[in-house]
Amino acid sequence: MAPPKNKGTILVTGGGGYVGGQIVREALESGFHVRLTARSTSSASRSAARFPAHAAQLSTAVIPDMTVPESYESSFADGTITGIIHAASPFVLNPEDNVRDLLDPAIKGATAVLDAALRYGGGKVRRVVATSSFAAIKDLSRGKRPGYTYDEKDWNPATFEEAAKADGVVAYCASKALAERAMWDWMAAHQGEVSFTLATICPPWVFGPYASELRATRTGLSESVQLLDNMIDADEVPAFDFGGYADSREVAAAHVRALEVREAGGKRFLVGQDFRYQAAADIGRETVPALKTRLPVGKPGAWEDAYHIDGSLATRVLGLKYGTLRDTLTDTFAQLLKAREIEARV
């Protein structure tokens, strides 16, 4: 099969993470050259090494502090960057200091990449796509909200002042909304100055496989995949929390399509479908033989009444095709079980 056409070079932050890794894979397979950013040379090298088949399409850049626009200058030095996917943001649910550890890094990091694109992009950057979250959409104060449908019009209403004093989960959710709002506000303030448009991707819990081999589960799992791993050998089905999920491969495809589709500029996309932990337990026991007796039984077939997630805009504008929860969970649990086998041998 002929290699995909070279679509130009994009800058990807957060490419060493779970979602970021899938974004890098999707971008490479789609024909982009990717410049991976990391805080250190060694970290950048480790991330790039996960994609040996695409070594010729990969380059790296060290960004020691993503909250400082000047840190990005060398990333743009060769004048090749035409798009940016900003997937890096702090995921801290137990911060010691909400402002220092969570709010400031999220907000300043979100606007710094825009400042950098304006200052150093040479007018060649056409689109910035940022990873936001359903946390930026959901109103936590409304609970399960039966009968309500969340979509892109909705915003988490938490203020900076509220988030600064809130518990970790509330502060994290607020940080996603505040960071995304800061990006849209920045775009409005610089209208006429910039060569690029902005699109944001807002997934709920992200499940599905990692882009490269997973070799450990005891440390380093993403918060979302950790939830599924915690269900193995648990006594009870977890309580309702986010009520939605997206497959890691779908989230990656949404980011890359948002780079390419002209109509995506200026839009936010809620990427996801409805989710309940009971369904995850039912599917896991049914489709993964090794988990038949290792997942909590709960109340088979039960579906808690709560809000609905409408991810259809991504289908209409980006052409995104959603898979099934069954396929996502089967692939996720299979990777987790294989990683546990590797751990048991070392």
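Ala87 sits in the loop between strand 4 (81-86) and helix 3 (98-120); helices (H or I, at least four residues) and strands (E, at least two) are DSSP runs, numbered from the N terminus. Leaving aside neighbours within four places in sequence, Ala87 is in contact with Thr13, Gly14, Ile23 and Thr131. Contact means heavy atoms within 4.5 Å. The C-alpha atoms of Ala87 and Thr131 are separated by 4.9 Å, although the two residues are 44 apart along the chain.

This is a predicted model, in which local features need pLDDT of at least 70, side-chain atom pairs count only at pLDDT 80 or more, and totals for chains, interfaces and linings use all residues. Residues are numbered from 1 along each chain as its sequence is written, and side-chain values use heavy atoms, with hydrogens and water left out.

**Overall fold**

- The chain holds ten helices and twelve strands.
- Its radius of gyration is 20 Å, which agrees with the value near 20 Å for a compact globule of 346 residues. The radius is taken over C-alpha atoms, and the globule rule is 2.2 Å times the number of residues to the power 0.38.
- The C-alpha trace spans about 60 × 45 × 40 Å along its principal axes.
- Of the contacts in the chain with a separation of 6 or more, 79% join residues 24 or more positions apart.

**Surface and charge**

- Of the 346 residues, 53% count as buried. Buried means under 20% relative accessible area, exposed over 50%, and partly exposed in between (1.4 Å probe, protein chains only).
- The chain exposes about 15,200 Å², and carbon and sulfur atoms supply 52% of that area. Accessible areas come from the Shrake-Rupley method with a 1.4 Å probe; for residues, only the protein chains shown count as cover.
- There are 39 positive and 42 negative side chains, and the centres of the two sets lie 4 Å apart. Lys and Arg count as positive and Asp and Glu as negative, while His and the chain ends are not counted. Each charge is placed at NZ of Lys, CZ of Arg, CG of Asp or CD of Glu.

**Helix 8 and Gln278**

- Helix 8 is mostly covered, with nine of its eleven residues buried.
- The buried residues of helix 8 are Tyr277, Gln278, Ala279, Ala280, Ala281, Asp282, Ile283, Gly284 and Arg285.
- Cover for these buried residues includes strand 8 (205-207), helix 6 (223-231) and helix 10 (325-345).
- Gln278 belongs to helix 8 (residues 277-287). Its relative accessible area is 10%, so Gln278 is buried.
- The side chain of Gln278 makes a polar contact with the side chain of Asp282 (2.8 Å). A polar contact is a pair of N or O atoms within 3.5 Å; within protein, one must be able to donate a hydrogen and the other to accept it, and residues adjacent in sequence count only if both atoms are side-chain atoms.
- An α-helix has 3.6 residues a turn, so residues three or four places apart point the same way.
- A polar atom of the Gln278 side chain also lies 2.8 Å from the backbone nitrogen of Lys299.
- Beyond neighbours within four places in sequence, Gln278 is in contact with Val237, Val297, Gly298, Lys299, Pro300, Gly301 and Ala302.

- Arg145 is not a glycine, yet has a positive phi of about 50°. Arg145 lies in the loop between strand 5 (127-131) and strand 6 (149-150). With a relative accessible area of 16%, Arg145 is buried.
- Asp233 is not a glycine either, and has a positive phi of about 70°. Asp233 lies in the loop between helix 6 and strand 9 (244-247). At 47% relative accessible area, Asp233 is partly exposed.

**Ser30 in helix 1**

- Ser30 is found in helix 1 (residues 18-30). Ser30 is buried, with a relative accessible area of 15%.
- A polar atom of the Ser30 side chain lies 2.7 Å from the backbone oxygen of Glu26.
- Ser30 and Ala253 are 223 residues apart in sequence and 9.4 Å apart in space, C-alpha to C-alpha.

**Asp154**

- Asp154 lies in the loop between strand 6 and helix 4 (160-165). Asp154 is buried, with a relative accessible area of 10%.
- The side chains of Asp154 and Lys153 make a polar contact (3.5 Å).
- Not counting residues up to four places away in sequence, Asp154 touches Ala136, Ile137, Tyr148, Thr149 and Arg268.
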